[in-house]
Amino acid sequence: MEQPNGLILEMQNGNERAFSKIYALYSEAIFGIINSIVLDESVAEEILQDVFVKVWNKSNSYDIKKGRFFTWLLNIARNAAIDSTRSKASKASKKNLSASNFVNILFDNDNLNQKTNAIGIKNFVNKLKPACIKIIDLLYFKGFTQTEASKSLKIPLGTLKTRNRNCIKDLRTIVLG
Amino acid sequence: MTVEEIIASGKLELYVCGSLPSEEISEIEEAISSYPEVRKEVEEIETALVHLAKIVAPPLPAMIWTSVLNSIRKVRNINEDSTATNWAAITGWAAAILCIGGIFWMLQQNNTLKDDIKITTTENNELKERINRTEGKLSQVNELLAILGSKDFDAILLPGNDAVAPEAFAKVHFNKRDHLAYVDATGLPKAPVGKVYQVWSLKLDPLTPTNVGLLGNVEENGTNIFKFENIPDPEAFGITLEPEGGSDTPTLSQLYTFGTIAP
């Protein structure tokens, strides 16, 4: 998606309306990321709130010329979520995080029943290969570096990159048709 | 690297995920700003990933946005407060505290004054009562003086009995016509405990004493002058010391004063 640079600049100048539009654009996706890490909706809600307060207060630390705004947001959210699981249970680490992925929390909890298009979501996710779910979960939802992910999945770095690219290609086909 | 190589490398996907090592990022950013195809590719990757995260997200409560707004506004207000001292607020609070303190002080003063008034009223009442009593006593004494001064009364001196009480004396003011007598006991010593003075009227020939009455507690009466009525025509008066309650006949050995009436 094209980045809303105009809104980002206005938010950086202290425009609350621009900030509210940015919240509307990204909050749901960021909430999904946080929830896949903390595995607790009420904790995820608290962290989401903290993350967007942080985004507002530190909006000037993002530079439009460098990097994607979504990636900047993603890093803040994943770090806050991982910090929260570390402070809650000291044993929690990236290894422990990999025990659950964004798909099985979706089916473990009753979340799906609350969503109106539960069947649509199921169909959507079922189109992804299990290997893709694993790799997208680590690199995107859990924020593993490429080295960490290749170690965790026991595949060479080159294979990881190619597989990840192909998985996201599949995803693009599902999303964009 | 050519544009095609970059797109095929899988680095763009890692870049959007934030998983690319920092030393490889600048290369990708240069390519994004140089080649619209690369930018479009990145945008499509991002769209797909944002969509995926949205789909797996639990329902998002609307109140979170409200909380975010409240938080960022609170922070701003705290900053404003800390930068400038709010003298108006401080003055206001100080005035309010002084005012409340003043009200409490005045209430206390009021209570103290009320107490003072109560005490003064009581004192006034006591003084009034005392004046009433004194006035009453004064009028009694004046009445007595008027009675004793009138020509209807004869004054009879009862000197002390040398054998018993040579220093003692008494006076009797006697009204022959109305058979009244006022006995002035000022000259008698205080009666011992368990004893009482008894006044007698006497006929001399033969010696016949008749009881007139007892001189009650001298101190209680206040005037030391005792009134007696229905006195028969006597020739003399005598006062004896008798056991409490008086006696039927005088104990002559305890005759303190005695005086005859001039014919």
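This is a predicted model: local features need pLDDT of at least 70, side-chain atom pairs count only at pLDDT 80 or more; totals for chains, interfaces and linings use all residues.
Residues are numbered from 1 along each chain as its sequence is written, while chains are lettered from A and ligands numbered from 1 in the order in which they are written.

On terms: helices (H or I, at least four residues) and strands (E, at least two) are DSSP runs, numbered from the N terminus. Two strands count as paired if DSSP finds at least two bridges between them.

Back to our pair, then. β4(B) and β5(B), the latter covering residues 208-215, run antiparallel and are joined by seven bridges. Together they make a hairpin, with four residues between them.

And what else does β4 of chain B pair with? Strand β4 (residues 195-203) also has eight bridges to β7 (residues 236-243) of chain B, again in the antiparallel sense. Within that pairing, B:Val199 has B:Ile239 as its bridge partner.

Now for the open sheet. Chain B has one of four strands, ordered β1-β2-β3-β6, with antiparallel pairing. At the edges sit β1 (153-159) and β6 (225-228), each pairing on one side only. From one strand to the next, the twist averages 20 degrees; for angles, axes are lines fitted to C-alpha atoms (for helices, over the stretch in contact), and values run from 0 to 180 degrees between N-to-C directions.

Last one, friends: β1(B) meets β2 (residues 169-175) of chain B through seven bridges, running antiparallel. There, B:Asp154 stands opposite B:Phe174.
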